[in-house]
Amino acid sequence: MRLLVLGAGGTGGYFGGRLVQAGIDVSFLVRPARAALLRERGLRIRSPLGDADVPVQVLTADELADAALFDLVLLSAKAYDLDSALDAIAPAVDTGARVLPLLNGLRHYDALDARFGFQHVLGGLCFISAALGADGEILHLGKPASMTFGERAGQPPDARLQALAAACAQAGIDHVHTPDIAQAQWVKYSFLTALAAGTCAMRAPIGTIVAGEGGADHMAALHEECLAVAAASGQPVPNAAQVTARETLTAAGSPMKASMLRDLEAGQRVEAAHIVGDMVHRAGLHGIAVPRLHAAWVHLQAYEAQRAG
């Protein structure tokens with residue numbers, strides 16, 4: 001299998017780099033400056049699961065059209081960069097590759113399907129906290145680093161995903177090839193939205209929030225609002241997953257915060273519309289009141305307006 005990874009940032013760089021370590025044929029599609037750095041220094045991963053320094057194959061947009069064919073494109077761009085990401089990977093998809101998105105949320109599937117067709121877009125998600133360091137290295141910020149992927153409802157079994165599962169096993173990457181990717185997506189989406197809404201609105205990690213009077217109840221109520229939207233959308237979150245998420249969202253002393261909050265604290269763009277805003281809009285379609293989520297969405301819009309201004 002030949003794999004093309006869009007970008008070499010925290011998520012794509014980590015998973016792509018681990019696959020390269022295991023001898024998988026991976027190329028990174030990056031901007032010219034990043035390409036020059038990777039060609040000079042290789043891809044560097046700093047992780048509690050083990051550091052790595054590996055030489056990698058890189059391509060820029062003007063080189064992709066002349067590259068060999070790819071089987072799978074790993075897409076891990078930020079949601080606000082989705083349009084340019086689709087333009088970048090189009091040559092690979094047009095020549096037969098399938099797209100495996102690892103973006104947060106669900107809204108990107110409409111854009112992917114419209115651009116490439118439902119049959120070319122597989123289902124995926126990941127759990128990882130990673131970022132680029134000052135010298136371009138991948139900083140893996142915690143031990144979780146897993147991928148979940150699968151054929152979407154109505155798609156036939158895809159040998160590419162079977163090959164990816166084998167590659168992940170070879171690379172030691174925690175992974176699941178699931179027959180029900182939609183349920184896995186809603187489990188993560190409902191958890192992530194509550195985490196992002198709570199920690200961004202309060203500008204604090206979970207442990208600080210729940211230490212205050214009513215803090216744990218607030219985080220639990222955010223999650224309940226998300227669970228109601230999931231159920232109304234035909235994807236009720238299983239009880240065991242609800243319990244695990246709730247324990248995480250209300251854990252005393254937890255340093256956990258959404259990556260969206262780290263971006264916000266750094267004054268960067270955030271995926272507010274793609275995660276919290278989209279959940280609020282989905283709730284509206286089903287006539288579900290989500291006052292806590294809505295307050296967080298207004299707060300995030302105000303942040304983005306101030307940042308833009």
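This is a predicted model: local features need pLDDT of at least 70, side-chain atom pairs count only at pLDDT 80 or more; totals for chains, interfaces and linings use all residues.
Residues are numbered from 1 along each chain as its sequence is written, and side-chain values use heavy atoms, with hydrogens and water left out.

**View 1. Helix α7 crossing helix α12.**
Helices here are DSSP runs of H or I with at least four residues, numbered from the N terminus. The axes of α7 (residues 181-202) and α12 (residues 273-285) come within 9 Å and cross at roughly 110°; axes are lines fitted to C-alpha atoms over the stretch in contact, with angles running from 0 to 180 degrees between N-to-C directions. That makes α7 roughly perpendicular to α12, a label for angles of 65 to 115 degrees. On the α7 side, the contact (heavy atoms within 4.5 Å) is made by W186, Y189, S190, L192, T193, A196 and A197. On the α12 side, H274, I275, V276, D278, M279 and R282 take part. Sorted by class, the residues of this contact are 8 nonpolar, 3 polar and 2 charged. For that count, Ala, Val, Leu, Ile, Met, Phe, Trp, Tyr, Cys and Pro are nonpolar, Asp, Glu, Lys and Arg are charged, and the others, Gly among them, are polar.

The end C-alpha atoms of α12 are only 16 Å apart, whereas a straight helix of 13 residues would span 18 Å at 1.5 Å a residue; the expected span is 1.5 Å times one less than the number of residues. Look for the buried residues H274, I275, V276, G277, D278, M279, V280 and A283, where buried means under 20% relative accessible area (1.4 Å probe, protein chains only). Their cover includes α5 (108-116), α7, α9 (215-232), α11 (259-265) and α13 (291-308). Just after α12 comes G287, with a positive phi of about 70°.

**View 2. H108 meeting H274.**
H108 lies in helix α5 and is buried, with a relative accessible area of 1%. The side chains of H108 and H274 are joined by a polar contact of 2.9 Å. Such a contact is a pair of N or O atoms within 3.5 Å; within protein, one must be able to donate a hydrogen and the other to accept it, and residues adjacent in sequence count only if both atoms are side-chain atoms. Not counting residues up to four places away in sequence, H108 touches L82, P101, L103 and H274.

T199 is found in helix α7 and, at 0% relative accessibility, counts as buried. The side chain of T199 reaches the backbone nitrogen of A258 at 3.3 Å. A258 is itself buried, at 2% relative accessible area. Leaving out residues up to four places away in sequence, A258 touches L195, A196 and T199, while the list for T199 is A204, P205, I206, I209, M256, K257, A258 and L261. A258 and T193 are 65 residues apart in sequence, yet 9.0 Å separates them C-alpha to C-alpha.

**View 3. Helix α9 against helix α13.**
α9 and α13 pack at an angle of about 100°, with their axes 8 Å apart, which makes α9 roughly perpendicular to α13. H218, A221, L222, E225 and C226 of α9 meet P291, R292 and L293 of α13. By class, this contact has 5 nonpolar, 1 polar and 2 charged residues. The 18 residues of α9 should span 26 Å at 1.5 Å a residue, and its end C-alpha atoms are 26 Å apart, which agrees. Among the buried residues of α9 are H218, L222, E225 and C226. G234 follows α9 with a positive phi, near 85°.

**View 4. D263 and K78.**
D263 lies in helix α11 and is buried, with 13% relative accessible area. Its side chain and that of K78 are joined by a polar contact of 3.1 Å. Setting aside neighbours within four places in sequence, D263 is in contact with K78, Q268, R269, V270 and Y303.

Definitions and conventions:
Helices (H or I, at least four residues) and strands (E, at least two) are DSSP runs, numbered from the N terminus. Angles under 35 degrees count as roughly parallel, over 145 as roughly antiparallel, 65 to 115 as roughly perpendicular and the rest as oblique. Buried means under 20% relative accessible area, exposed over 50%, partly exposed in between (1.4 Å probe, protein chains only).
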